[in-house]
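Subject: Structure for your review

Hello,

Here is the structure you will be working with. My notes on its sheets and helices follow directly below.

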Amino acid sequence: MAVMTIDFLPELVGSMSTGAAGNPTVAVMEAAFRHHGLHWRYVNMEVPPDLLGVAVAGARAMGFRGFNCSIPHKQAVVQFLDDLTPSAELSGAVNCVMRGSDGRFTGTNTDGLGFLRALRDVIDPHGTNVVVLGAGGAARAVAVELALAGATRMTVCNRTLSAADDLARVIRDATSTIADAVELSVGYGIPERTDIVVNATSVGLYEPDTMVPIDMDTISDQHVVADVVFNPIETSLLRASAARGAQTINGLAMLVHQAAEAVRLWTGVDPDFDVMETKLREVMGLE
Ligand code: NDP
């Protein structure tokens, strides 16, 4: 009698974060795996900060092909990895780890790439002048990718000036983008000849009526305005910018693009964006 062999051992990836229960990524990833017939599983893992090193060692021991890192592990995880890609090195933050054929764990940052892909649907950042509002993890990833993509000039604008200074210095030292830092204070006016404005602060997250305190009279139909905040999808900033004729990009596309990039890096399969976006909208109650 022929013996049927069934492979009960999927390839494993997942996410390490604190507050994992609120992270919808697992649904999006598993939708992509199912759609493409990939024998892969994505495990959402609650990992406290003091056990991150043990968790990474566990992932190695259990043969994980990679994993995502979310709040608060994006910077701390670096010390437990073997290699970093240039974007992770420059931004100092890792949101995606890949296991190579030699078993080494390489950290990269797909947040910035995800942003870039969403942006490129609207504008090529090469040769543009950009304003990045914020200097935290998301802002660093976005700023680095914009600079690597050939932005000519960048103003990093943040509530805490020292963080903006630090990010502008990284951009200046490592890329050919001209970068300066300013403090984000009430009524900040977007400099003339700016092409792209990115809100990479957490202002507006879960607060539909709150927005970064920029002077909206300095926004016009000359601008592309992007927001990394994905909940709500249409933030106050995007609504007000669209009312002034600007083209807008919401944070949902970035979220799906960064997840799709992770699937690509881990499996080599170029996943169906629509399948992933539809699932995200469904689990966020947007359908
Ligand atoms: P961080 O905590 O690292 O950074 C927060 C940033 O927001 C800092 O620059 C901080 O300024 C600024 N900020 C916070 N509150 C205020 C305020 N009241 N006024 C002015 N500035 C403020 O967070 P992350 O960078 O990790 O996340 C930022 C946002 O990006 C979140 O909303 C997150 O959900 C989103 N995100 C979206 C992704 C996507 O795929 N769409 C991917 C990753 C993140 P200061 O330095 O002064 O504190």
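M16 has C69 as its bridge partner in β3. Strands β1 (residues 11–17) and β3 (residues 66–69) run parallel and are joined by two bridges. Helices (H or I, at least four residues) and strands (E, at least two) are DSSP runs, numbered from the N terminus. Two strands pair if DSSP finds at least two bridges between them.

This is a predicted model: local features need pLDDT of at least 70, side-chain atom pairs count only at pLDDT 80 or more, and totals for chains, interfaces and linings use all residues. Residues are numbered from 1 along each chain as its sequence is written, and side-chain values use heavy atoms, with hydrogens and water left out.

The mixed sheet

β1 and β3 belong to an open sheet of six strands, ordered β2-β1-β3-β5-β6-β4. Its pairing is mixed. The edges are β2 (40–46) and β4 (83–84), each pairing on one side only.

Helix α1 lies across β1, β2 and β3. Its direction is at about 175 degrees to β2. Angles run from 0 to 180 degrees between N-to-C directions, and axes are lines fitted to C-alpha atoms, for helices over the stretch in contact. Helix α8 (residues 251–267) also packs on the sheet. α8 touches β1, β2, β3, β5 (96–99) and β6 (105–108), and makes about 10 degrees with the direction of β5. Contact here means heavy atoms within 4.5 Å.

Is E30 buried or exposed? E30 is buried, at a relative accessible area of 12%. The cut-offs are under 20% for buried, over 50% for exposed and partly exposed in between (1.4 Å probe, protein chains only). Leaving out residues up to four places away in sequence, E30 touches W40, R41 and Y42.

Helix against helix

α1 (residues 25–35) packs on α9 (residues 273–283) at an angle of about 140 degrees, with the axes 8 Å apart. That makes α1 oblique to α9. The classes: under 35 degrees is roughly parallel, over 145 roughly antiparallel, 65 to 115 roughly perpendicular, and the rest oblique. On the α1 side the contact includes A27, V28 and M29. On the α9 side it includes V275, M276 and K279. By class, this contact has nine nonpolar, one polar and two charged residues. Nonpolar covers Ala, Val, Leu, Ile, Met, Phe, Trp, Tyr, Cys and Pro; charged covers Asp, Glu, Lys and Arg; the others, Gly among them, are polar.

α8 meets α9 as well. Their axes come within 10 Å and cross at roughly 125 degrees. α8 and α9 are therefore oblique to each other. This crossing is right-handed. Among the residues in contact are L252 and A253 of α8, and F273 and M276 of α9. The contact of α8 with α9 has 10 nonpolar, one polar and two charged residues.

The parallel sheet

Another open sheet of six strands has the order β9-β8-β7-β10-β11-β12, with parallel pairing. Its edge strands are β9 (178–183) and β12 (247–249). Neighbouring strands in this sheet are turned by 15 degrees against each other on average, direction ignored. β11 (residues 224–227) pairs with β12 over three parallel bridges. There, V224 has Q247 as its bridge partner. Helix α6 (residues 161–174) lies across β8 (153–158) and β9, at about 180 degrees to β9.

Best regards

Conventions. Left-handed = near helix turned anticlockwise from the far one by under 90°.
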